[in-house]
Amino acid sequence: MHIKKIPDVDAIRGGEKHSGELHLTEHHIIFVFPNILPDGVPPQPNAPKTREVYIAYPIIANCIFRPCPSISGRPSFIRLRCRDFMFINFSCADETHAREAFEYIRNRTCRLGTIEKLYAFSYQPLKLEKPFDGWHLYDPRAEFRRQGISTKSVDRGWRISSINKDYTFSPTYPGVLVVPSRISDNVIKYAASYRSRQRIPVLTYLHSLNNCSITRSSQPMVGFRGNRSIQDEKLVSACFSASATVEFNGVDSAVSETAEPSPASSQADLQDDNLDAESDTERLEDELIAGGDTNYDSKTGKRLVYGAQQSNLIVDARPTINAVVMQAMGKGSENMEYYKFAKKAYLNIENIHVMRESLNTVIEAIKDGDISRLPPNRELLIKSGWLKHITGILDGSALIARQVGIRHSHVLIHCSDGWDRTSQLSALSQLMLDPYYRTIEGFIILIEKDWLSFGHMFQQRSGPLNHEKWFVVERDSMAGSAIQPGESDGRAGEAFENALASAKRFFNKNRSNDGNAESDGDGVNSPPDDPSQVKKPAPGSPEANEATRPNEISPVFHQFLDATYQLLRQNPNRFEFNERFLRRLLYHLHAGQYGTFLWNSEKARQDARATERTKSVWDYFLSRKAEFINRDYDATIDDRQSGRERLLLPKLNEVRWWYQLFGRTDVEMNEYLDIAAARVESIGGYAMGGVPMPSMPGNFTTSPNSGGNRSPRPPASPQPPSLPLSKSVLTGVESAHEALTPDQRTTVPNNPASLKHSASADTPGAFATNLARLRDGVTGLDIGRGLFGGTSNASSGSGSASKDSAERKGEQELADMSTSSEKGSMEMS
């Protein structure tokens with residue numbers, strides 16, 4: 001193996017400087033430096049003389065080269081930011097050596113041309129990995145057999161179809177599809193054209209106790225003309241009525257509008273204790289979904305058990321306006337006049353472009369992690385909205401889990417193409433419902449099924465071949481100057497890009513079909529790449545198909561892992577795996593060492609013969625399983641004992657930064673949130689009980705745990721005791737008869753009609769009408785603050801916002817975590 005060695009290199013990481021040698025191989029950067037023990041630590045026998053830091057080329061997210069002539073006596077810098085949030089700065093006294101190193105790194109990162117030059121295609125597994133075969137760990141037939149679906153078992157209303165066995169029916173879907181037993185393949189063929197990319201509604205999960213299902217699909221092709229498909233309506237209806245007929249354990253059940261009665265339930269799910277434990281947000285969402293559903297049987301007068309009130313649901317993960325915009329592009333959302341057996345819930349989960357910009361802002365807040373130990377920029381952390389997005393995804397997933405596990409109803413999930421937000425919601429809701437997926441093996445199966453098999457675009461979202469625009473040579477005027485904290489890391493142009501993205505948020509008439517081919521951006525385009533920096537491969541070539549499109553990069557799978565971390569953090573004994581398992585999984589998402597995440601679909605992996613030419617990432621984890629075991633794991637499932645229930649729901653007000661991932665401490669990332677949460681709790685107690693509010697730690701200027709390194713904070717401005725009315729990702733529920741939005745019941749009790757608008761958002765010619773109604777109906781709602789340029793009812797003096805302390809901003813972030821995002825709608829106005 002050829003190794004290029006660069007001597008006399010200083011590396012700065014976390015504010016610490018080490019001197020050593022840079023080794024450049026075909027697939028890794030290796031920094032070798034002496035193993036010097038800290039003062040007072042006795043030397044250990046057989047201790048290595050040197051230490052090594054490995055950096056895989058594909059994991060580089062940004063590389064800045066700042067040359068400086070050697071005669072100046074100042075070093076040249078190569079500054080790296082990695083996708084696993086490692087920040088490191090290399091300095092070299094010899095400019096020629098530094099430039100050679102930069103070119104060597106760039107050529108092996110963004111100029112490979114094809115993924116077949118990645119390390120995965122030449123990697124030889126270690127001895128401990130050879131006994132494992134992660135490629136064949138997931139067998140779809142075995143997994144659905146575990147769920148109770150098999151040709152040899154009792155018909156539970158579902159069958160395995162081979163209609164896509166050669167991937168000609170839907171190239172981005174799995175080869176094995178589970179569909180309702182009473183729907184023939186012929187009906188499915190006719191229904192396919194009505195769903196984007198032929199991603200029809202198919203089963204992904206069947207609840208073992210109550211026979212209720214989670215199905216997933218892409219958006220329907222409704223368009224301005226209000227197109228409909230009888231076959232699609234039959235398919236969705238069959239999905240919502242595919243349960244076996246089971247008696248309800250001595251409890252009278254409600255009969256839904258579907259063909260089959262509501263399925264049986266576990267006794268524990270029916271206990272009133274579970275209902276009492278609901279948060280205000282959950283209760284608001286459930287009330288909105290239930291709508292006009294009665295709590296009593298009109299014939300017998302008996303009270304209906306909560307779980308028996310079946311309310312089948314179509315979940316559209318997009319903001320309502322985004323779905324209406326897609327209707328103008330020939331797509332859209334279901335016209336509920338034709339799906340009278342269900343209701344539709346709009347969530348407010350933003351598209352891939354918004355999520356990418358959010359993470360970029362987080363990176364901006366922590367980007368000086370190489371050259372200093374300064375704490376993150378809290379202003380930017382709050383501005384990023386990252387925790388609000390994570391909370392919204394968790395909230396939407398919990399809503400689905402409650403529908404299936406408590407309300408004993410069926411749920412169909414889709415977004416635009418059904419491979420980004422749909423995968424997040426589907427996988428997380430199953431993680432909450434099924435303890436099997438909380439084991440190491442089960443979590444692997446969950447990722448294989450709902451992410452890899454169902455066609456999440458890992459190659460497009462991760463960009464393993466990198467991009468030329470992420471390698472920057474600083475201009476000559478900057479050469480030789482020292483890098484200072486807060487200085488641009490070469491991404492200054494992104495501010496312009498973000499502004500341009502806002503200007504082009506809707507109806508970008510100049511977008512190309514090819515550039516948007518794999519987008520799940522709700523018809524929203526990010527700015528085009530700078531043609532001067534992009535060398536376009538020949539159209540139709542493998543290089544063109546595999547080339548990284550910066551506009552398609554998005555942390556979708558990262559958000560899923562972050563949301564899983566939140567559940568693990570809140571329930572430390574309910575998961576077999578530990579936090580490091582999730583962190584290493586994110587690393588290998590980008591490292592290019594294994595073939596698991598290098599393609600966009602099951603078909604693409606099969607066409608590339610991935611199982612023959614590369615190794616599975618699961619070989620790495622299974623061969624080192626002991627390293628990833630959670631020592632506090634309790635596998636006991638007992639619905640009668642608190643803390644051991646089958647169903648696991650998130651505490652949305654306890655979402656925190658995944659500080660280990662960002663290479664920071666809990667205090668650095670989360671202390672301001674903990675202080676704000678304590679302040680909110682104190683204010684809430686003051687408002688409800690009239691108890692004098694204790695002094696809060698917002699009155700000192702430096703945190704006692706920071707050692708004086710924390711950002712100064714002015715005293716908190718006095719604020720009246722108040723809490724946000726609603727913190728829900730749910731923005732509206734639509735049925736065949738009416739569309740509902742969360743109402744401010746405490747402020748407008750006498751005018752509920754003003755918060756409703758007519759039947760379906762997708763009836764022909766309804767686009768302008770619904771847009772106007774959305775403008776009027778959402779502007780005044782706390783749940784949609786800022787939409788269409790509206791303002792919140794809670795206004796204050798113009799100067800007070802600038803005087804709020806870090807604690808108040810942390811409190812505002814807590815309040816905003818679960819509210820609907822403001823961006824998309826503001827850009828419409």
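This is a predicted model: local features need pLDDT of at least 70, side-chain atom pairs count only at pLDDT 80 or more; totals for chains, interfaces and linings use all residues.
**Core, helices and confidence: a chat**

Me: Which residues have the most contacts inside the largest nonpolar core?
Reply: They are F443, I447, F560 and W657, in a core of 89 residues. A nonpolar core is a set of buried Ala, Val, Leu, Ile, Met, Phe, Trp, Tyr and Cys residues joined through side-chain atoms within 4.5 Å. Buried means under 20% relative accessible area, exposed over 50%, and partly exposed in between (1.4 Å probe, protein chains only).

Me: Which helix gives the most to this core?
Reply: Helix α10 (residues 386-405), with 10 residues. Helices are DSSP runs of H or I with at least four residues, strands are E runs of at least two, and both are numbered from the N terminus.

Me: How do α12 and α17 cross?
Reply: The axes of α12 (residues 440-453) and α17 (residues 579-591) come within 13 Å and cross at roughly 30°. Axes are lines fitted to C-alpha atoms, for helices over the stretch in contact, and angles run from 0 to 180 degrees between N-to-C directions.

Me: Which residues make that contact?
Reply: I440, F443 and I447 of α12, with F581, L582 and L585 of α17.

Me: New topic. Why is α4 largely enclosed?
Reply: Because 7 of the 10 residues of α4 (residues 230-239) are buried. Among them are D232, E233 and L235. The cover includes β8 (158-161), α3 (185-192) and β14 (411-414).

Me: And M355, buried or exposed?
Reply: M355 is buried, with a relative accessible area of 3%. M355 lies in helix α8 (residues 352-366). The C-alpha atoms of M355 and P555 are 6.8 Å apart, though 200 residues separate them along the chain.

Me: What is the mean pLDDT of the chain?
Reply: The mean is 79, and 68% of residues reach 70 or more. pLDDT is the predictor's confidence in each residue, from 0 to 100. Over residues 244-277 it stays under 50. Residues 491-503 are also below 50.

Technical notes. Residues are numbered from 1 along each chain as its sequence is written. Side-chain values use heavy atoms; hydrogens and water are left out. Contact means heavy atoms within 4.5 Å.
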